[in-house]
Amino acid sequence: MSKGGKGFLSKIKDALSEAVYGIALHGQVSAIKRMKMYTEYLFMLMTVGDMLGIPLVPPYYTLRLLPYMVPNIKSWKLRMLRERDVTDIITG
Amino acid sequence: MVLDTPALYILLGLIVYSIAYLYYSKYVDRNIWQSDPTRPTPAKLYFDGVEYFPVSKYVLYGYQFKSVAALGPIVGPMIAVHFYGWLPALLWLIIGNFFIGWVQDYSAMMMSVRREGRSMGPIVYELLGGRARVILLTYLVFYLIIIGAVFAWVIISIINGVPGVFIPIIVILITGYIFGHMVFRLKMSVVTATLVALILVFAGIIIVTAVQSLRIPPTNFLDPGLIGTQPASWTVLFWLIVLGVIYYLAATTPMIRWLLPTVYVAYLPAIIALAIVIIAALLSFITGVKIDPTRQAFVGGAYFDPIKYPTTGPLWPMLFVTIACGAISGWHSLISTGLSSKQLEFETDARPVGGGAMITEGIVGLSSVAAIMVVAAAAPPPAGAPVPLDYPRGAAALVNALIPLGVDNWLFFYAIFVTIMGLITSMLFVRVFRMVAAELFPTPFNHYLVSPLIWIALISFLAWLGSWTNLWLYFGGTNQLLAGLALMLVAVFLASQKRPTWYVFWPGAFMIVTTLSAILWETYVYASHLMQGKYLAPQAPVVDKFGATLVNITNLFSAVFGIILFILGLVMAYYLFSGYFKYRGQSSQS
């Protein structure tokens, strides 16, 4: 084994297993994550859409849900305001 | 003698590809793009854990390879070897990939990385305007229809030609659903579910291979007396309806429930099959599998008479569109700028991911040439047409010499492999068509239950009544033109950044000129047949069954198709060239 790191064979094994994961599962995992994200973003649009200038009166529950949404707000805003088209979703 | 086996030629290809990767790509990466591992990538800048997050280069390499490699690098070389000989096919695969293929995949990825991980559409919009983007999407619609029709024909001719293949295919499709159910509903571990899926898939393959009585339905079971798979036959129509049902389900059911698990299940045996055939080709000098005497190094290239040679054309430009994937493919630019560019951990990973995956696809193309070299042509070239079964037959001959399980068994295995690769790719295409239709089509044609029907109807019409080799040339034309446009887009981007553009500008210009010429030639083939009241040789069964009028309508449809593609391509090329010279002018003034 090389000093302070993995041996050559171990590195090859890791690289191969990662490549097989990439071939077999990465696209699938990404698609599932995206599906979950779109559902969450739709919910955020309905509840805190006023943050993007959509004229809706925030319901009482928005305040109670806000702490759960805070981690996603930045990426949600970025994604909602970003230029997107079909070529963005072509890969699944 | 080594020279009469495919081994040396494939080895030569591997050496040139190694030089491309180790030297040329490194030169471009360091000197033109000046990739910097310390510069934050979109994955780090816009980290959201969903779409933007850093992923290991090995995972992304696997994902990129899976997304770009399908039937393309198998079917293209098969047709090219038949009409032009194995030497031109081999040279284009090697030289094309060296100077153009990996260049496009890698450069499109780097352009996206430097543009916040944006995809092709938004980059086109940013650099060239909204009209250029609409043209790009319209082009995509035609591309998806043509490729769907060609793949449908290839799938059907193999299912029909090798009885029993459809049964393991059905097993794989059902196993895909079961796998999805096990993982997402029953919450089973992926490893257990994979093992169950693999047992089911291989049980399906082995049982049908072993039990001859299960090899049903027989060839042309609805058209007794017919030899080979022919257009306008009832058997082909039957299989088109079956495929239509599968495609419709794939387009309208949730992806995670069926389509994606099926892709996963199907790719496992496919990767094994591909790896074995490459090894078998390299070891053919030991196993003694020789180049078949009917496969000449050079068959011909002066097919200037469209009536005499309707299913091919002059070496330039037609060879360069006949072999698309493996040498260069426009589809890859969409993949490179899709998910991969958003998940690169370091800029320096673009070379192994984008360039490496394309070079690997080139190796698949080389293996396909090797498989075709060793099998006798069903009908002598160039007058006879190639048949999709040539690849499974050649792969079986190569592999059986290495692992002698019986040529018939290997033929069955490779027929399944080709069919499932075509099927799952088409299932993904119909979904993409659905998304493009949602953006471009008016109501109610943009509805997700309606647009897949349009796609299925169009591809069925073309596959049933058309000529698949001619459709393939249209596909090659659209695909390669997309590549040329992507390369020019990169040139526009580099010009806007005041960087050297020669390494993308000249390949891009070559591809645009070549592919526009190829589309024009193919349009001329259809138009000349139409005007002279003749039909293409593969359309003879359609004339016998339905009369010449229907063939004329099909040819008119195809000629109009070609004209639209040519005009769209020309307008897009105009936008790109004018954009390029505008930015070059700006940089020279400053």
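This section describes the salt bridges, cavities, helices and backbone geometry of a predicted model.

Local features were considered at pLDDT of at least 70 and side-chain atom pairs only at pLDDT 80 or more, whereas totals for chains, interfaces and linings use all residues; side-chain values rest on heavy atoms, with hydrogens and water left out. Residues are numbered from 1 along each chain as its sequence is written, and chains are lettered from A in the order in which they are written.

Over all chains, 15 salt bridges are present (a side-chain nitrogen of Lys or Arg within 4 Å of a carboxyl oxygen of Asp or Glu). In one of these, A:R34 pairs with B:E51, with 3.3 Å between the closest N and O atoms. This pair crosses between chains, from helix α1 (residues 8–48) of chain A to the loop between α2 (42–45) and α3 (57–68) of chain B; helices (H or I, at least four residues) are DSSP runs, numbered from the N terminus. Both A:R34 and B:E51 are buried (under 20% relative accessible area, with exposed meaning over 50% and partly exposed in between, for a 1.4 Å probe and protein chains only). A:D85 and B:R133 are both buried. Through shared partners, A:R34, A:R79, B:D48 and B:E51 form one network of salt bridges.

Five cavities of 30 Å³ or more were found. On a 1 Å grid over the protein atoms alone, a cavity is a set of points where a 1.4 Å probe fits but cannot get out, and lining residues have an atom within 4 Å of a point. Grid points are joined across faces, edges and corners, and the volume is the space filled by probe spheres set on them. The largest cavity has a volume of about 420 Å³. Its lining comprises 31 residues, with B:S67, B:W331, B:I335, B:T425 and B:L428 nearest the centre. Two or more lining residues come from each of α3, α7, α11 (259–282), α14 (331–343) and α17 (407–440) of chain B, and α17(B) gives the most, with six.

Helix α7(B) is largely enclosed by the rest of the structure, because 27 of its 32 residues are buried.

Cis peptide bonds join B:W316 to B:P317, with omega about 15°, and B:P381 to B:P382, with omega near 0°. B:P317 belongs to helix α13 (residues 315–322) of chain B, whereas B:P382 lies in the loop between α15 (350–373) and α16 (390–402). Positive phi values occur at B:E116, near 60°, and at B:K498, about 60°, neither being a glycine. B:E116 counts as partly exposed at 32% relative accessibility, whereas B:K498 is exposed at 54%.

Notes: 1 Å grid on protein atoms, 1.4 Å probe; cavity = no way out; pocket = protein on both sides within 12 Å on 5 of 7 lines; lining within 4 Å.
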